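Me: I would like to go through this structure with you, one topic at a time. Could we begin once it is on the screen?

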Amino acid sequence: MTLVAGVDSSTQSCKVVVRDLDTGAVVRTGRASHPDGTEVDPAAWWDALLAAFADAGGLDDVAAIAIAGQQHGMVCLDESGAVVRDALLWNDTRSAGAAADLVAELPGGAQSFAARTGSVPVAALTVSKLRWLAAHEPANAARTAAVCLPHDWLTWKLGGARGLEALRTDRGDASGTGYWSATDGYLDDVLDLAMGRRPALPTVLGPSDSPGTTPDGVLLGAGTGDNAAAALGLGAVAGDVIVSIGTSGVVSAVSERPSADASGLVSGFADATGRFLPLACTLNGARVLSSTAAALGVDLDRFAELALAAPPGCDGLVLVPYLEGERTPNKPDSTAALHGVTLANLTPAHLARAAVEGLLCGLADGLDALRAQGVQVRRLVLIGGGAKSPALRAIAPSVFGVPVSAPAASEYVADGAARQAAWVLAGSAEPPDWSIGGDERYDGDAHPGVRERYAEARELTLDRIGG
């Protein structure tokens, strides 16, 4: 049996999945935690990677490995390859002002950014973090000889960290930087605008290319960003829309053509197969559920029971769940708001359902934005930790207005990385056909009033914060 491994180095943890090359069957898994925070020493990711490998029984019998990682994070290296400062993660919003400045200063503004990179800068994108670094930490900016992303750095470390010239990335993760174009490559003028100069950057590999091997001879895949890996792990094709509810909330779709949304609601990323992955992302995902459950003093199982006990629309109670600011819409300094509180609806059950509906309504706004970019919805798939909630699965069809499916529980991001590793090892034209199967379908009557009341509350919230 030939084995391959896939890694999901996410915001919260590192997961490893070892699979059989031919069948895709899971052989063993491993996991280790990451520290909390929006800036992290990359050494913590490396330590977690090694711990997850050990938890998975080691990789001595693995022939190939690929790493998928959280997108956008800024890893700065000096000339010797040492980390200059803690990495700023995608959910660090201090660079919001820098993002706005970049849009204002680039000729053509948002329209130009969208046409060239597929995305308009927000605080999450690496380009915004580079501008922040140059403005607020000029000494660290001056020391920075190379800039890479979390998955790039881990792949480089696995390969023996053989000099800055050995840094590699893929088109999926590169497309989330804000300074790379699917047609023109790295954009020197955008880098000059962001940092005042052009640091060394990883070479962008094709979907089935390899950056080399580990010192022990294990073949490496190019890796990719977490959302592209999830799509690859699910075997998503054009017409599939993936709703992923983890630390963030993500609505993405496989597309044969790039998108360019000057409003900034949709980021026009590339995927891990040579296609594209238009995507809308919210900062507030599963923590909306867990934090509300904690406030109610219940566990997630009881929280789901409460949410399902309340009526659709929560008798007018609406939660706009901007608990950690928000990215879609781009309001990084916003806060959450509870609207329509009455004596009748101020109950644990109504609060629980309002949290579920608020989370889903924000994601439904993202789905509308994708549709406006021409995305066709053939199948809507729910994944991620938050999607395990029985209440969220049951309520989702009524908010999205379409049936949804939830595939069998799996580490989809790590699965996608493993599938990429198998693709590289096999040297085939397409990735192997591994079927996860086990989809559960959820139907329900649409309740348009829920979306309408949420839209009213959202606008009141945005008006309050100057939206």
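This is a predicted model: local features need pLDDT of at least 70, side-chain atom pairs count only at pLDDT 80 or more; totals for chains, interfaces and linings use all residues.

Me: Let us take helix α1 then. Why does its length agree with what one expects of a helix?

Reply: Helix α1 covers residues 42–55, and at 1.5 Å a residue its 14 residues should span 20 Å. The C-alpha atoms at its ends are 20 Å apart, which agrees.

Me: Which residues of α1 are buried?

Reply: They are Pro42, Trp45, Trp46, Ala48, Leu49, Ala52 and Phe53. Viewed down the axis of α1, the buried residues fall within an arc of 165°, so they line one face of the helix.

Me: And what is exposed on the other side of α1?

Reply: Asp47 and Ala54 are exposed there. Just after α1 comes glycine 57, with a positive phi of about 85°.

Me: Changing topic: how much space lies in the largest pocket?

Reply: The largest pocket holds about 920 Å³ of space. It is lined by 41 residues, and those closest to its centre are Lys15, Gly246, Thr247, Gly384 and Gly385.

Me: Which helices and strands each supply at least two residues of that lining?

Reply: The strands are β2 (13–20), β16 (240–245), β19 (276–282) and β22 (379–383), and the helices are α9 (226–234), α10 (287–296) and α14 (412–426). The largest share, three residues, comes from α9.

Me: How do the residues of the lining divide into nonpolar, polar and charged?

Reply: The lining of the largest pocket has 16 nonpolar residues, 16 polar residues and nine charged residues.

Me: You listed α14 there. How many of its residues are buried?

Reply: In α14, 13 of the 15 residues are buried, and the helix is thus mostly covered. The 15 residues of α14 should span 21 Å at 1.5 Å a residue, and its end C-alpha atoms are 21 Å apart, which agrees.

Me: What about α13, how many of its residues are buried?

Reply: Helix α13, residues 390–400, is mostly covered, with nine of its 11 residues buried. Among them are Arg393, Ile395, Pro397 and Phe400. Glycine 401 follows α13, and its phi is positive, near 80°.

Me: On to single residues. Where is valine 251 found?

Reply: Valine 251 is in strand β17, residues 249–253. Its relative accessible area is 1%, and since buried means under 20%, valine 251 counts as buried.

Me: What is valine 251 in contact with, leaving aside its neighbours within four places in sequence?

Reply: With those neighbours left aside, valine 251 is in contact with Val241, Ile242, Val243, Pro278, Leu279, Ala280, Leu363, Leu367 and Leu370. As for arginine 287, it is 36 residues from valine 251 in sequence, and their C-alpha atoms are 17 Å apart in space.

Me: Is threonine 169 buried or exposed?

Reply: Threonine 169 counts as buried, at 1% relative accessibility. This residue is found in strand β9, residues 168–170. Leaving aside neighbours within four places in sequence, its contacts include Leu149, His151, Tyr186, Pro202 and Ala222.

Me: And where does glycine 118 lie?

Reply: Glycine 118 lies in the loop between α3 (109–117) and α4 (126–136). With a relative accessible area of 5%, glycine 118 is buried. Beyond its neighbours within four places in sequence, glycine 118 is in contact with Phe113, Ser259, Val266, Ser267 and Gly268. The C-alpha atoms of glycine 118 and glutamine 376 are separated by 18 Å, and the two residues are 258 residues apart along the chain.

Me: Last topic, backbone geometry. Which residues does a cis peptide bond join?

Reply: The cis peptide bond joins threonine 328 and proline 329, with omega about 5°. Proline 329 has its place in the loop between β20 (318–320) and β21 (337–339).

Me: What is phi of cysteine 314?

Reply: Phi of cysteine 314 is near 55°, a positive value in a residue other than glycine. Cysteine 314 is in the loop between α11 (300–309) and β20, and is buried, with a relative accessible area of 0%.

Me: And what is phi of aspartate 315?

Reply: Phi of aspartate 315 is positive and near 50°, in a residue other than glycine. Aspartate 315 is placed in the loop between α11 and β20.

Terms used:
Residues are numbered from 1 along each chain as its sequence is written. Side-chain values use heavy atoms; hydrogens and water are left out. Helices (H or I, at least four residues) and strands (E, at least two) are DSSP runs, numbered from the N terminus. The expected span of a helix is 1.5 Å times one less than its number of residues. Buried means under 20% relative accessible area, exposed over 50%, partly exposed in between (1.4 Å probe, protein chains only). The arc is that of the directions from the helix axis to the C-beta atoms. Contact means heavy atoms within 4.5 Å. On a 1 Å grid over the protein atoms alone, a cavity is a set of points where a 1.4 Å probe fits but cannot get out, and a pocket is an open set with protein on both sides within 12 Å along at least five of seven lines; lining residues have an atom within 4 Å of a point. Grid points are joined across faces, edges and corners, and a volume is the space filled by probe spheres set on the points. Ala, Val, Leu, Ile, Met, Phe, Trp, Tyr, Cys and Pro count as nonpolar, Asp, Glu, Lys and Arg as charged, and the others, Gly among them, as polar.
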